[in-house]
Amino acid sequence: MLPAPNLWHLPRDASQHGPALDHHLLLNLWIALALLTLAHLILFTGLIIKRRAAQPSHKLYLEYLPLALLTILFATLAIKAQHLWSAQRFTGAAPEAMQVEVTAMQFAWYFRYPGPDAHFGQTKLSLASAGEGNPLGLDPHDPHSADDIVTSQLVLPANREVDLTLISQDVIHGFSVPEMRLKQNAVPGQPTHIHFTPTTPGTYAILCTQLCGLGHYRMSATLLILPPDQFATWLRTHEGAIP
């Protein structure tokens, strides 16, 4: 596999699916470089042959054959890219994957964990009020809402698959974590799922990649990846803080 971070200065790769995406990206770049060189060779060859008596075979070698090979090449790259996309976006997460809800709003990110009952409580936009400590609009009459954990930092365990549900309260926001090779829009009224497996503990920036208003520049959060034992401690601490 090509050394993506060192050679091409990509962000560090901290997810399980990242190496395959990086390899495909670099493969496309190397092929583009090769095609650029080949195009110039064909151009110069055509100029030289044009000065001589043209033969029917020249058209075959300089036009039809390269066109057929390019068609096969780009079809292969497109099929491979489609498989990589579908593995993360079309194929659902495993049933045992950890469930986390990501809510975007102008201009903040909030992250909700279902708590010990493993069920998310109902939310109502009319109840949402960050100033009153209820930014997501949790319904106090729903018993499943009582143990939900809401934080402004996304904390996840390493080496465990995570299924994120992206929700927006107002406009389109772009959820992006470059080191995890994640980028997905959060669209109002359209919950979207994206799953991945983080592999490297550390702190990573969560960015908004859609121009969502005047405060877009400050719409960011952090992703904290912890070893499984430390994450279990973090989760118990937050569950114990629920009144």
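Tutor: In this predicted model, the protein has four helices and ten strands. Along the sequence, the elements follow the pattern α-α-α-β-β-β-β-β-β-β-β-β-β-α. Of the 243 residues, 35% count as buried.

Student: Why is Ser-15 called buried?

Tutor: Buried means under 20% relative accessible area. Ser-15 has a relative accessible area of 4%, and is therefore buried. Ser-15 lies in the loop between helix 1 (4-8) and helix 2 (18-50). Leaving aside residues up to four places away in sequence, Ser-15 touches Glu-179, Met-180, Arg-181, Thr-197, Pro-198 and Thr-199.

Student: Ala-118 has a positive phi, near 60 degrees. Is Ala-118 buried or exposed, and how do you know?

Tutor: Exposed means over 50% relative accessible area. The value for Ala-118 is 56%, so the residue is exposed. Ala-118 belongs to the loop between strand 2 and strand 3.

Student: What makes the approach of Asp-148 to Arg-112 a polar contact?

Tutor: The criterion requires a pair of N or O atoms within 3.5 Å, one able to donate a hydrogen and the other to accept it. The side chains of Asp-148 and Arg-112 make such a contact at 2.6 Å, and the term therefore applies. Asp-148 is in the loop between strand 2 (108-113) and strand 3 (149-151). Asp-148 counts as buried, because its relative accessibility of 8% is under 20%. Asp-148 and Phe-120 are 28 residues apart in sequence, with a C-alpha to C-alpha distance of 6.6 Å.

Student: Why is no disulfide assigned to Cys-208?

Tutor: A disulfide is a pair of cysteine sulfur atoms within 2.5 Å. The nearest cysteine sulfur to that of Cys-208 belongs to Cys-212, 3.9 Å away, so Cys-208 is in no disulfide. For Cys-212, the nearest cysteine sulfur is that of Cys-208, and Cys-212 is likewise in no disulfide. By this rule the count is zero disulfides. Cys-208 is buried at 9% relative accessible area, and Cys-212 is buried at 4%.

Student: How do you know that strand 6 and strand 9 pair?

Tutor: Pairing calls for at least two bridges between two strands. Strand 6 (residues 173-177) and strand 9 (residues 202-208) have two bridges in the antiparallel sense, and therefore pair. Ser-176 stands opposite Leu-207 in strand 9.

Student: What makes strand 4 and strand 7 edge strands?

Tutor: Five strands form an open sheet of mixed pairing, in the order 4-10-9-6-7. Strand 4 (154-157) and strand 7 (182-186) each pair on one side only, and are the edge strands. The twist averages 25 degrees from one strand to the next.

Student: Which residues have the most contacts inside the largest nonpolar core?

Tutor: They are Trp-109, Phe-111 and Phe-175, in a core of 35 residues. Strand 10 (residues 220-226) provides the largest share of this core, five residues. In soluble globular proteins, nonpolar side chains tend to be buried together.

Methods: Residues numbered from 1 in each chain as written. Predicted model: local features only at pLDDT ≥ 70, side-chain atom pairs only at ≥ 80, totals over all residues. Heavy atoms only, no water. Buried < 20%, exposed > 50% of the residue type's maximum accessible area, 1.4 Å probe, protein only. Core = buried A, V, L, I, M, F, W, Y, C linked by side-chain atoms within 4.5 Å. Axes fitted to C-alpha atoms, helices over the stretch in contact; angles between N-to-C directions. Contact = heavy atoms within 4.5 Å.
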